[in-house]
Amino acid sequence: MQVKLEKRPEPSRLMLVVTPIASVLLTMAIGVIVFDLLGIDGFRAVIDIFVSPILLSYKWQDVAVKAAPLIIIALGLSIGNRANVWNIGAEGQYIIGALCAAGIGIAAGTTGGPIIILMMLLAGMAGGTAWASVPAGLKTRFGVNEILSSLMLTYVAVQLLSYLVGGPWKDPNGRNFPATAPLQPEQTLPILIPGTTVHLGIAIALVLPFVFWLIMARSVFGYQIRVVGSAPNAARHGGFDSDQTVWLSMLIGGAMAGLAGALEFAGALKAINLGFPSGYGFTAIIVAFLGRLHPIGVLIAGIVLAITYVGGQVAQTTVKIPNATAGIFQALMLFFILASDVLVRNRIRFVRSPRAGSGQAASQTAGGE
Amino acid sequence: MDTELAPRLALSGITKRFPGVLANDNVSFSVRPGEIHALLGENGAGKSTLVKMIYGIMQPDAGEIRWDGQVIRVANPKAARRLGIGMVFQHFSLFEAMTVLENIALGMDARIPGRELESSIRQVMEQYGLKLDPHRTVSTLSVGERQRIEIVRALLLNPRLLIMDEPTSVLTPQEVEQLFVVLRQLATEGCSILYISHKLHEIKALCDTATILRGGRLVDTCDPRTETSRSMAEKMIGAGLKEISKPASRALGDARLVVNRLSMAAIGHFGTALKDISFTVRAGEIFGIAGVAGNGQNALLLALSGEESSEDSEAITVDGAPVGQLSAKQRRLRGMASVPEERNGHAAVPDFTLSDNTILTARDRLGMVSAGLIRTGAASTYAGEVIASFAVKAQGPASMAGSLSGGNLQKYIMGREILQKPSVLVVSQPTWGVDAGAAAAIHQAIVDLAAAGSAIVVISQDLDELLSLCDTLAVINEGRLSRAMQVAEADVHEIGLLMGGIHGEQASAPAREAAIAG
């Protein structure tokens, strides 16, 4: 017996929507089983992680605040992934974006207002773009794999952050803690709903998916990204430059990650310390895939992943499981979505394996017609 | 005596079903000892499926196979080889980095010591006049020589039935002649040959009997020597064959495409470099480029389409304007369209709709873009026009390109370029893997476009196609292009020599002497 994967002529459109939902449900089921086996109330843990943030209305703002950077970063990444450009270094671009925004904040001193805030956001985007331009340049110029170079630059960004917050940018009044001075109140993002932590970045995260959707569905640029990802040779035939596609998709990914970093800094945290790199840049990869690389899917998937972050904190206090549990669930989700993707695009066939001497024949069958 | 009377191979009621297709429907015929039997049919007629069942790669769903009168079940290719059935596939299974001897040794079921194998190889080659050095590395051999390895491999097993799947599609006319000599000798020695092809004149020249398949069914078993090519073709496609109608006399206009000393480095490991290629195509002219696969045809198409740009912008000019350094997009704006050989994934995106596929090459010329946004309505309308005027069998502009049959997709792609009224059209293998009906439609469309004043380049490995379609012809070999000749005065023998790589030295030596003398 031999197991063979056979490409389906046309993947089912229904399945493309069903499988992300099924992945989340399967993750929950596996969670229940695994925790029960460990002697923890698995059902309770899964309910706390996946459902409680939805039921407890006071957790909604936390979900929104965590979803915003995930959505914004994942939007950028999904463009690259569609074109088969694999930017794994969004975390680094996110950090650099926040640092650039912080630099503007520090340079502005006590002045604030919309202009300064806008400059911080633009600086964040510029910083993320610049950081992403390095792997883009290396790839188009020297053929360096962008997965490796972008990932490695993340660690450079972390070191740069440690240096700045522990050295030149350390808060003089911060009791020697490695952190920047908190932003002036006029330098932070406006709060949209008084009495909550819902800041302007959340509105941006809600609007951007629709902008990206328009770009991907209707613009020539979106078409270019789709063709390059689906049939690179056809893209060349159609006159789309592959280097240009790498550059644009890398830079957009960097700009979005940088914007997310600046928004997180100016909206939620208001100061940068060593704990700033929280892994949003990596989790956003899961968001992009769970959202099927579709802007609206990314919006929904970002909220789902944010729920697991918040739920992980809830479960920490209720069933006493470590916060890292949320990470395990996120990884399971990615595993299920990628595995189901294989099955949506291929079907499994069991073939009776012919006896020896047929290796040659098998290869001939494949090339036969 | 009994075995003398019983056919070597007899099929009765063979049926094979695939999901959604009946590949073979109740097929029965027999092959006598020493008979050269043609299996004739269009692409998708079920020829390959049928021989795969004879060779044990697949099992029939119904029907029986008799071998020397005995009902047998061919479990796998090894069992087929034990019976004495040999097969030479259209696509070779050879390791490029190994020698001829090593490749043959790897394909044998039994382990034979190297020296013993070498002497039996030499004996087989001598017996059939096959020239081949057992110690040459495969990557240095021509396609014809590679096919000889496969033939030797099959002959070492003393086959009593040899199946040849489209053996001449990659050979020069001279190599075809040599192959026929070998096959005829085999047949006189009593070996039966099942010869799969769609080239009618070869079948007339070689075969004793022809079995014609259409849509998985046996249409007729006839004697090809008493049939005409036309009558067999009509049985094969099941309808009257339409002749290409060429305008009787055409005056060719000014030069529209001029390629002047175009050279380009090889792309990738197995690519071919282009060396000093020059030719001119005038308005209304169809210029054919013949050659055996892998001699630079792909590189030439990429160089002309603009997917690879040239170092010298004057190397290619369209209507006098240099385009050598322009991108594919810019060349299209200047009226230069192209259709590459590979339909799925190069000329078209299989998982895009037909409408989206028009955007790929027609967006700028037909104004499908405004302010960076795609005008989907315009794309859909154009896709509908192409479908209607080229009789593409598709549900509509929203059909996925990948859901169309090869012939229909090719008609769609040709239509997409032709309806843009290009001033220069370059097409590679326009009818490769396309059924005869669609091929005739595509040929007619090319002729009509030329009649409307476009300059057309057709790159093809099918010499018959070029001879019937083109006004002028040149041969590409190892990245060099021969001089152009008028098809009306072309000598097939000379074309064959050029295809086989006998350049300048022999073929045009008299011409050079004349030039020196003059």
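What share of the 518 residues in chain B is buried? Buried residues make up 46% of them, a residue being buried if 20 or more other C-beta atoms, placed from the backbone, lie within 10 Å of its own.

## Basis of the model

This is a predicted model, in which local features need pLDDT of at least 70, side-chain atom pairs count only at pLDDT 80 or more, and totals for chains, interfaces and linings use all residues. Residues are numbered from 1 along each chain as its sequence is written, while chains are lettered from A and ligands numbered from 1 in the order in which they are written.

## Confidence in chain A

The average pLDDT (the predictor's confidence in each residue, from 0 to 100) of chain A is 89, and 94% of the residues score at least 70. Confidence is highest in helix 6 (residues 114-142) of chain A, with a mean of 96, and lowest in helix 15 (residues 359-368) of chain A, with a mean of 37. Over residues 354-369 of chain A, pLDDT stays under 50. Where pLDDT is low, the predicted coordinates should not be read in detail.

## An enclosed helix

Helix 12 (residues 280-290) of chain A has ten of its eleven residues buried, so it is largely enclosed by the rest of the structure. Helices here are DSSP runs of H or I with at least four residues, and strands are runs of E with at least two, numbered from the N terminus. Among the buried residues of helix 12 are A:Tyr280, A:Ile285 and A:Phe289. Their cover includes helix 1 (13-37) and helix 14 (325-345) of chain A.

## Overall form of chain B

Chain B has 18 helices and 23 strands. Its C-alpha trace spans about 80 × 60 × 45 Å along its principal axes.

Conventions:
Two residues are in contact if their C-beta atoms, placed from the backbone, lie within 7 Å. A residue is buried if 20 or more other C-beta atoms lie within 10 Å of its own, exposed if 12 or fewer, and partly exposed in between; C-beta atoms are placed from the backbone.
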